[in-house]
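Colleague: Before I use these labels, I would like to see what stands behind them.

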Amino acid sequence: MNSSNHPTLPLTSFWNDTGKCGVSAWVFSTDHKRIGLLYLYSVLISFLVAVLIGLLLKIELMAPGRTIMGPVTYNALFTVHGVLMIFLFIIPGFPGVFGNLVMPIQIGASDVAFPRLNLLSWWLYITGALTIVLSLFTGGGPPDTGWTFYVPFSVRTGTNVSLAVIGVFIVGFSSILTGINFVTTIHRLRADGMAWGRLPLFVWSIYATAWIQILATPVLGITLLLVVAERLLGTGLFDPSRGGDPIMFQHLFWIYSHPAVYIMILPGMGIVSEIFPVFARKPIFGYKMIAFSSLAIAGAGSLVWAHHMFTSGISDMAVLVFSFLTFVVAIPSAIKVFNWVSTLYKGSISLEAPMLFALSFIMLFSIGGLTGLVQGAAATNIHIHDTQFVVGHFHYVIFGGAGFAFFSAMHYWLPKFFGRTYSEKPAMISWGLMFAGFNLTYFPMIILGMKGMPRRYYDYLPEFAPLNLISTIGSWILAAGLAIMMINLFMGLLKGRPFGSNPWGGATLEWTTPSPPPTENFDEEPVVTHGPYDFNRAGVP
Amino acid sequence: MIRKMEKEYAGAKLGIWLFLFTEILLFGGLFLLYATYLSSYPREFAIAGREMHLGFGTANTILLITSSLFAAMSVTAVQQGEIRKVLNLLGATIICAMIFLVNKYFEWSSEIGHGFYPDSPRFSAGPIGEALFFSLYYLTTGLHGFHVLAGVGLLTVVALKVRRGAIHAGDYVLLENSALYWHLVDLIWIFIFPLYYLVL
């Protein structure tokens with residue numbers, strides 16, 4: 001993280017133009033690009049740890065019976081896998097990394113609205129993350145409740161749930177502050193000429209995401225505090241033997257946690273909306289509808305939470321209403337997919353690494369989205385509830401969707417900030433391995449679920465063995481691809497060939513500034529004269 | 001340059017309003033539970049509600065509303081550049097907040113002394129709804145009390161900044177935002193007071 005990594009970089013980039021490159025100049029920096037890179041390193045560490053845990057889980061499921069761990073360890077590991085992936089990787093990942101790195105430049109600002117608050121967000125994230133890590137090794141050991149912390153088990157288990165949920169609470173606070181920061185930034189700091197109709201679609205998606213962060217996260221906060229109160233004070237609010245209602249926990253939890261899946265996926269949709277027009281050399285099709293559908297997903301997605309609770313004992317009327325609303329969310333999602341495909345139609349498509357990841361996003365997200373409807377339908381939900389089907393669906397949306405979009409963005413935008421780029425061929429090979437491995441890992445889960453294999457068990461009936469074996473082998477291919485991708489990417493970013501200011505011919509503002517950009521982002525305040533996908537004018541604001 | 005200052009002022013105001021929304025949602029979870037459990041246990045809630053000390057509640061309501069007035073006046077005073085007055089008004093706000101907390105201490109002590117607390121012997125015998133009422137009461141007023149305490153800290157920092165001259169008639173957005181936060185603390189109490197002390 002010092003200038004020696006970049007011996008030939010111009011002395012005008014944010015890596016060195018302030019003359020401060022030590023550790024404290026990074027961890028106390030208020031520059032959105034430095035904070036974005038801090039987030040990048042932090043979330044990638046969480047991600048890689050969670051990947052390793054995921055691989056262990058798949059090895060355990062390779063064959064029936066005990067393979068490498070017993071049920072107690074298995075429960076702890078799938079909980080930690082979920083908590084790390086959800087709360088420490090994918091929720092803070094998009095706003096923290098690419099929201100910070102790219103969004104201010106795309107609107108022509110020199111930083112976010114509250115730079116010091118931005119730094120505080122990262123510190124809160126780190127504090128929360130360390131609290132979660134601490135919870136694994138203290139008290140009763142790692143929590144074994146699943147990432148959802150459902151009562152009554154989360155109140156009764158002897159594991160260290162209290163500390164873990166306090167960690168999640170702190171990370172949630174960080175998420176709220178980021179959301180407030182970004183909404184204010186997008187409202188107040190757009191450059192001259194950057195009208196709402198000229199906002200890049202990634203900014204629209206970050207805007208919708210920030211609203212969800214603001215409006216949903218506090219409800220998770222109070223819910224987690226109540227779990228701690230249940231455990232420490234015995235308040236009995238969710239304990240049926242004392243009049244409380246565990247269903248209320250589920251309502252409060254999902255009021256946040258369903259909208260939270262849109263925190264995970266919306267920025268991914270924004271990223272591919274940036275990448276398709278650039279790599280198809282064609283303006284985006286249906287700009288207004290894609291922008292609007294981000295807000296529609298954020299809005300409608302906040303009203304569907306009880307579809308997680310169809311078997312929990314809510315009224316039939318509630319089931320029908322929430323099932324209907326769930327189908328409503330599919331409309332704006334489908335609007336996006338059709339617009340992306342229309343953008344590609346008759347485009348001059350170049351299949352480079354960001355584009356490959358973005359294209360696979362459409363396919364994997366569509367499978368994830370359609371299997372979501374199977375669960376959203378009241379009748380089929382009963383059949384596949386709490387089975388591997390849910391696990392398969394969720395990974396198709398969040399890994400195949402959000403995760404692949406994240407990798408796409410890493411290939412698309414990180415060279416901009418490092419001034420160097422990766423080799424294309426290993427990137428394409430890694431994509432191929434990941435795409436194949438991904439489908440081998442998760443598609444069997446969808447079938448297994450329909451056949452009735454429940455989730456969250458370390459053991460299963462012998463008839464599920466072949467598909468589980470395929471899934472485990474797939475996870476190794478996936479991991480191999482991931483390893484090649486990470487190594488190729490970071491070797492390239494640190495030592496690769498130089499990356500010009502606009503090699504792909506993008507028309508958004510980040511491509512008008514040098515790679516890497518200076519601390520102030522632009523040499524002079526840009527005055528925007530065209531839309532984000534007006535490629536005739538690419539390279540000028 | 002002037003335009004940039006305007007942006008910062010408007011941005012700071014936008015930011016604090018968004019933050020206040022998140023606070024309302026945080027308490028919203030507790031009010032939601034209150035509504036649900038009131039409809040499940042109306043009789044038990046009514047019995048438990050009669051144990052509340054209306055005197056403490058009323059006194060604290062008056063204290064908080066008065067302190068909110070002082071906070072609002074301090075914003076007007078800083079706009080007019082009357083620094084002495086700002087400091088006095090902020091001091092009065094902080095004193096009201098501290099008396100509020102002292103009241104709360106005596107009120108809770110008295111209730112706990114009578115055996116009204118989660119898991120108490122009195123509740124493990126009695127009907128289940130009453131214990132829920134008291135659990136919610138302690139959690140809601142406890143979280144609110146924590147916000148009062150945070151407000152005391154915030155207003156103290158603001159007062160020190162006013163004295164150092166960092167907040168003045170030309171740049172008072174921190175004072176204004178802190179006053180807005182203080183009004184929110186007041187506003188939430190305006191909902192807590194009738195729900196726990198009056199309607200049952």
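This is a predicted model: local features need pLDDT of at least 70, side-chain atom pairs count only at pLDDT 80 or more; totals for chains, interfaces and linings use all residues.

Modeller: Residues are numbered from 1 along each chain as its sequence is written, chains are lettered from A and ligands numbered from 1 in the order in which they are written, and side-chain values use heavy atoms, with hydrogens and water left out.

Colleague: Why is Cys21(A) called buried?

Modeller: Buried means under 20% relative accessible area, exposed over 50%, partly exposed in between (1.4 Å probe, protein chains only). Cys21(A) has 17%, so it is buried. Cys96(B), at 10%, is therefore buried too.

Colleague: What makes Phe191(B) partly exposed?

Modeller: Its relative accessibility is 48%, so Phe191(B) counts as partly exposed.

Colleague: What makes a set of residues a nonpolar core?

Modeller: Its members are buried Ala, Val, Leu, Ile, Met, Phe, Trp, Tyr and Cys residues joined through side-chain atoms within 4.5 Å. The largest such core has 245 residues, and those with the most contacts inside it include Trp413(A) and Tyr37(B). Helix H8 of chain A (residues 246–280) gives this core its largest share, 23 residues. Helices are DSSP runs of H or I, at least four residues, numbered from the N terminus.

Colleague: Which residues does Trp413(A) touch?

Modeller: Among them are Phe98(A), Ile271(A) and Trp511(A), leaving out residues up to four places away in sequence; contact means heavy atoms within 4.5 Å.

Conventions: Helices (H or I, at least four residues) and strands (E, at least two) are DSSP runs, numbered from the N terminus.
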